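Please look through the sequence and the model shown here before reading on. The report that follows takes up a few topics in turn.

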Amino acid sequence: MPTTNQAQPQRLAARITQLNEGFGIARALPHLQRHTIGAWCFMDHLGPADFAAGQGLHVGPHPHIGLQTFTWMMEGEITHRDSLGFVQVIRPGEVNLMTAGHGISHAEDSTSEAGGRVHAVQLWIALPDAVHDMAPAFVHHAKLPVFKHDGLDITLLVGDALGATSPVQVHSPLLAMDFISHGPTQTELPLQPDHEHGVMVLEGQADIAGETFSPGILCYLPTGLSSLSLRTTQAARWMLIGGQPVDQSPLLWWNFVARTQGEIETATQDWTAQSPRFGEVHGSPSARLKAPSMQGVRIKGDR
Ligand code: MN
C-alpha cells in the first residue's frame, strides 16, 4: 500500500443529543457519512458538564449485545453495575471495558449526589463475527501506559504506539490514545498505514493534519497515512482512535450491535420479556429502561 504523510482530513459534525436532565452529549459516531472507524462504531463525548447537588448522570439498567463498551473517564466518578455482579466506580484516568457478546445489562450512575463535574468518552467496539456471541465479561483498568512525548501527556488506551502496549483486550486491530497539551506543542505521530483514524478534540483547539479542530467536530483520516502532524498553540485535549476498516458496517439499533435485523428483534423481545439472557442489575437508583418498539422498523443495511 502506498503511504504518505499528506492527510486529507474530513470534517464530520457530531450530533448533540440529550441523555437525561438536559445533559448534552456530542455523538460523533455513527455519522451519516461514516459508520465506523476500524471496529469503533459509536463515540459519545460527555461533557465537560457541571452538575448541581441532587443532579447527576443516571442511565438505568439496559441491555447490550454484539459489542464491547469502552468508557474513558477524564473528570468525575461514575458507578457501573452489571448483570454479572460487578460494581465498579470509574475515576479519572481509568477505563471500563464491558464485553456484551451474547448479552449483558448494566446501569451507570453518578457516584455521589453532591454534584460536580463529569467529562468522559464512551465508545462501542463492534465484535467480529467469530466472537459476536461470546460470553459477557467486564474488566476495569485502573492503570494504563502514561508517558510524555514532545511535550504532550499521552495515555495509551488501546493498542500499540510509541513503544508502549495497552493492557486493554480487544478483538480486532484497534488504537485509542488520549493527548493533553499545556501550551504550544508540535509532533509528528507515526501511524499504521493499514488503519483509518479519527481525532476528536475534547477541550481547547488543535491543528490536525494542518487544519484547526475544536470540540464537536470529528476529524476523519483514511488509510494510507504513515504519520500525522499534531500542533497546538494553547492548552488542549483530544482523543485519537484508529483501526483496520471493517468489511461490513454492523447494524446498530438502540443498545444493540448485530449482523441481522432478526438478531436485534430477538434481543429486543428478550429484554422486554425479562429473559435471563440479560440477567439483572442490582443496586442502581435508576429505573430499568424500556426498549423502543420495533414495529415497522426496517434497519438500514440489513444483510
Ligand atoms: Mn450501556
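## Metal site

H64 and H106 are both buried, meaning under 20% relative accessible area with a 1.4 Å probe and protein chains only. The manganese ion has as its protein donors H62 (NE2), H64 (NE2) and H106 (NE2), which lie 2.1 to 2.2 Å from it; donors are N, O and S atoms within 2.8 Å of the metal (3.2 Å for Na, K and Ca), and because water is not among the atoms, sites may look incomplete. Since H64 belongs to strand β5 (residues 58-64) and H106 to strand β10 (residues 104-110), the pair ties together parts that are 42 residues apart in sequence; strands are DSSP runs (E, at least two residues), numbered from the N terminus.

## Basis of the model

This is a predicted model, in which local features need pLDDT of at least 70 and side-chain atom pairs count only at pLDDT 80 or more, while totals for chains, interfaces and linings use all residues. Residues are numbered from 1 along each chain as its sequence is written, and side-chain values use heavy atoms, with hydrogens and water left out.

Leaving aside residues up to four places away in sequence, I241 touches residues including L29, I37, E196 and H197, where contact means heavy atoms within 4.5 Å.

Note on methods
Helices (H or I, at least four residues) and strands (E, at least two) are DSSP runs, numbered from the N terminus. Buried means under 20% relative accessible area, exposed over 50%, partly exposed in between (1.4 Å probe, protein chains only).
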